[in-house]
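Trainee: I would like a close look at one helix pair. Please take me through the packing step by step.

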Amino acid sequence: IYSLDFSWDPFGVLLRRRATATVLLNTTVAPLIFADQFLQIATSLPSRFLYGLGEHRGTLLHSLDWSTLTLWARDVSPTESFNLYGAHPFYLLMEEGGDAHGVFLLNSNAMEVALQPAPALTWRTIGGVLDFYIFLGPDPNMVIQQYQQVIGFPAMPPLWALGFHLCRWGYGSSNETWQTVRAMRNYQIPQDAQWNDIDYMDGYRDFTFDPQKFASLPSLVEDLHKHGQRYVMILDPGISSTNPHGSYWPFDEGLRRGLFLNTTQGQPLIGQVWPGFTAFADFSNPDTHQWWLENLQRFHAHVPFDGLWIDMNEPSNFMDGSEEGCPPGELDSPPYTPAVLGDSLSAKTVCASAKQKASVHYNLHNLYGLMEAKATARYPSIPLPASLGMGGGEPAPLREGWVDGPGAEPSPYCSDQPSGTTGLCLVGCPLVGADICGFSGSTSEELCTRWMQLGAFYPFARNHNAQNEKAQDPTVFSPAARTAMKDVLLTRYSLLPFLYTLFHRAHLQGDTVARPLFFEFPRDVATLGLDRQFLWGRSLLVTPVLEPGVDSVTGYVPRGVWYDFYTGSSVNSGGEMLKMSAPLEHLNLHVREGSILPTQKAGTTSEVTRGNPLRLIVALSSSGTAWGDLFWDDGESLDTFERGSYSYLVF
């Protein structure tokens, strides 16, 4: 299906799609530069419709007007044109005529990708080799599946991970956390999991809890379990290094076993994170995995958590490099530094020269979060569905681990827009969603209501808030807003069988869950730039309100018959923008003709919902046909598909 030609002068390769004769790669457009710490290769592109290359804040469709995207994991609020938490050196390109292909560079070093209006693209990396994978689709969904055949498929989350999660930084105490849980129950608002940020810790030290303010934490967790709910808390890779010897086992034992990142002098590299001075666990060392597991088991004996939020794992450092800076040399001051925020590889992270078991940090930085995720999920002996996150992001509870390349699937945090959610689904991270109602700054009732409506359709739905901001959980708003939030969560919970089945398909073959419109309508040019709407699977169209003070929303309705989710009334679209009524209590949802959605009477937890009657929504096509499926297991055991303990129904 392709032809590959080599050219000596000018030097390069040409890759063509045989069916259309489209040139997908032509690297003769600029010289190949191949030096030890500077590798550069450029190609012309067959169109301007380019997606991927995460993680960045911006539109789903990239601008090719001389923009440079840098990949070097960095803990910073999502800001346009900065390198952010994760590194995904993969792009998807839509060719003229609707075919799609993908390109993956398997390389973990700092790199930048320069986009040019020609259209063309230049890869520039400062280490490793040029190891390219080309995925020929030809459908965009198939490109993403083929990409995940290389990097590994995402884990199957437990059903409770798809419920509603509530969190904030600054609960202040376990009793305050508990009050919020009780208020949610009181108003019968669905909630599956309660989370805590760093305030639960004693002096911000991992594997501890504050003996005064969080004394009742074990009782809170017991109460959550009694009500069919789960508990998740944050954990950072920086281990406090200043406690008196013998008083803090995680550091003493890690030091004794030699499990931390070292300086070039062979001493533990000391940086600064929440607890003050810290050493950083070296997850490239298999012995670290055993120590990490022992720490988790010791803590779990006191606080039987159900999932872990592994954060700050870019790794994040409040200093540049270390308390002593970084030594001179070609790792910390390479001949060429990509356009990273802070202009230095060590900006707000550890020295690139830091020594790890597998290599120098220079080569491993973009893999740090993935390696921590693998350590966390590795052992089936952890008596919980292990839960993960990548690159400083805010992940969700999962139930098994991964083995794959830089395009890892631990669930990351993404910027506050639908394009961030669908963008990460493009790189094999289906369990994703922004902080509902926003992390920084104070929300308004209208913004939070609209965001809860959008967020109820994030694959991962968690409302999270910063310290010192006013509360933004559903219980603190007016009855009207609270009811709107409750209603949209009940809608989500009614669709859990459908959503769970989408995650099964993601786990099995790499299907996307939240999906850009162009994935389903690749030959409709009008869909190629759309990122203010998205689909669940192939059949549910979500059109959120993203503007203040409006009671209608304009959205694109692709060609065909679409049914209003609530009323069943039909719209026969020729592929056009339609104005839809959108009062504050309403989220527009449309079901595509020819689909069957398995649903369930919603309860206030996924556990209650699981026991309720199942129903089908059948949306007949114009020719009177429809299709759907349902994957059903116990909702929490590992490897149910692999073991055959499940039902799979096709309607």
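How do the axes of helix H5 and helix H7 cross, and within what distance do they come?

Mentor: A word on the source first. This is a predicted model, where local features need pLDDT of at least 70, side-chain atom pairs count only at pLDDT 80 or more, and totals for chains, interfaces and linings use all residues. Residues are numbered from 1 along each chain as its sequence is written, and side-chain values use heavy atoms, with hydrogens and water left out.

Now the pair. Helices here are DSSP runs (H or I, at least four residues), numbered from the N terminus. H5 spans residues 286-300 and H7 spans residues 368-377. Their axes come within 9 Å and cross at roughly 55°. Axes are lines fitted to C-alpha atoms over the stretch in contact, and angles run from 0 to 180 degrees between N-to-C directions. That angle makes H5 oblique to H7. The classes are these: under 35 degrees is roughly parallel, over 145 roughly antiparallel, 65 to 115 roughly perpendicular, and the rest oblique.

The crossing of H5 over H7 is right-handed: the near helix is turned clockwise from the far one by less than a right angle.

Next, the residues in contact (heavy atoms within 4.5 Å). H5 contributes His-289, Trp-292 and Leu-296. H7 contributes Met-371, Glu-372, Ala-375 and Thr-376. By class, the contact has four nonpolar, two polar and one charged residues. Ala, Val, Leu, Ile, Met, Phe, Trp, Tyr, Cys and Pro count as nonpolar; Asp, Glu, Lys and Arg as charged; the others, Gly among them, as polar.

In brief, H5 and H7 cross at roughly 55°, in a right-handed sense.

Definitions and conventions: Helices (H or I, at least four residues) and strands (E, at least two) are DSSP runs, numbered from the N terminus.
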